[in-house]
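Colleague: I've got the model open and I'd like to learn how to read it. Can we go feature by feature?

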Amino acid sequence: MLRFENVSKSYGSRPVLQGRTGHFAAGAYALRGPNGIGKSTLLRALAGVDEADGGDIVIDGHALGAQPAAAKSRLSYAPDECPVYPFVTGRELLAFVAWAKRCAIPDKVTHIVERFGLARHLDTRCGAMSLGTQKKLMLAAAWIGEPAVLLLDEPSNGLDADARAVLIDLLAAQRESSVVFMSTHDKAFADAIGAAVVEFETLTDREHVVHSAV
Ligand SMILES: Nc1ncnc2c1ncn2[C@@H]1O[C@H](COP(=O)(O)OP(=O)(O)OP(=O)(O)O)[C@@H](O)[C@H]1O
């Protein structure tokens, strides 16, 4: 479902990703590694948000380079910090994501919005939301479009205890049918989801990784 090979990325003359390779079947995976090693950079490259300099990325059978629209329609990405426009309301953000994915907002997302207690914030501008509320909104949006691959950057960061429990429940269910590939320093959260630990350093072309964690 998620396959990437020899992914590389530099910022200026500084290489951050070199030869990162991984194959992942449906399941949940907790990407671990020290601060600054490149986890967020890898997730952005896999999402096509920040284009890789080299390598191949395939999302649910679609090459991100050759078929970007098809590949992006099969993935969702929730960044750690929300790059949302401050003047857009929560409702407008969800509508925008649905428009970008050429689909309606599914009942499941409406249900997630309710479970996160987001309904009363939907007409608030994102810039006026707390960081935790913005985070919940971005996470709810990740369920739009029935993604085969969910790329989540530090998904438990900033969530209150109730929202964290809801997210654990959602991801534990989602891993049965999708790849949930998330960076996290939160071991208890990853364990509660039943996520397999993937050390960033092991994602190399020297050690060809094939993971299955359902
Ligand atoms: N847009 C950018 N421009 C220049 N350098 C960047 C940029 N984004 C990230 N970096 C650098 O790339 C390296 C990897 O950063 P990244 O955020 O991917 O690490 P990380 O493993 O996710 O860290 P953390 O665990 O702290 O979230 C860091 O040295 C960072 O300073």
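Colleague: Which residues of strand β3 make up the covered face, and which the uncovered one?

Modeller: In a regular strand, side chains alternate between the two faces of the sheet. In β3 (residues 54–59), Gly-55, Ile-57 and Ile-59 form the covered face, while Gly-54, Asp-56 and Val-58 form the uncovered one. Strands are DSSP runs of E with at least two residues, helices are runs of H or I with at least four, and both are numbered from the N terminus. This is a predicted model, where local features need pLDDT of at least 70, side-chain atom pairs count only at pLDDT 80 or more, and totals for chains, interfaces and linings use all residues. Residues are numbered from 1 along each chain as its sequence is written.

Colleague: Which strands does β3 pair with, and in what sense?

Modeller: Two strands pair if DSSP finds at least two bridges between them. Strand β1 (residues 2–11) is joined to β3 by five bridges in the antiparallel sense, with Glu-5 opposite Asp-56. On to β4 (residues 62–63): two bridges link this strand to β3, again antiparallel, and Ile-59 has His-62 as its bridge partner.

Colleague: What is Asp-60 doing with its phi?

Modeller: Asp-60 has a positive phi, near 50°, and is not a glycine. You'll find Asp-60 in the loop between β3 and β4, a hairpin with two residues between the strands.

Colleague: Is Asp-60 buried or partly exposed?

Modeller: You count C-beta atoms, placed from the backbone: a residue is buried if 20 or more others lie within 10 Å of its own, exposed if 12 or fewer, and partly exposed in between. Asp-60 has 17 others within 10 Å, so it's partly exposed. Glu-146 also carries a positive phi, about 45°, without being a glycine. Glu-146 sits in the loop between α5 (131–141) and β6, and is partly exposed because 14 other C-beta atoms lie within 10 Å.

Colleague: How many residues of β6 are buried?

Modeller: Five of the five residues in β6 (residues 149–153) are buried. Val-149, Leu-151 and Asp-153 point one way, Leu-150 and Leu-152 the other.

Colleague: And which strands pair with β6?

Modeller: β5 (residues 75–78) pairs with β6 in the parallel sense over four bridges, and Ser-76 has Leu-150 as its bridge partner. β7 (residues 179–183) also runs parallel to β6, joined by five bridges, with Leu-152 opposite Met-182. The chain gets from β6 to β7 through helix α6 (residues 161–174), a right-handed β-α-β crossover. Right-handed means that, with the strands pointing away from you, the path from the first strand over the helix to the second runs clockwise.

Colleague: Which residues touch the most other members of the largest nonpolar core?

Modeller: A nonpolar core is a set of buried Ala, Val, Leu, Ile, Met, Phe, Trp, Tyr and Cys residues joined through C-beta atoms within 7 Å. The largest one has 63 residues, and Val-149, Leu-151 and Phe-181 are among those touching the most other members.
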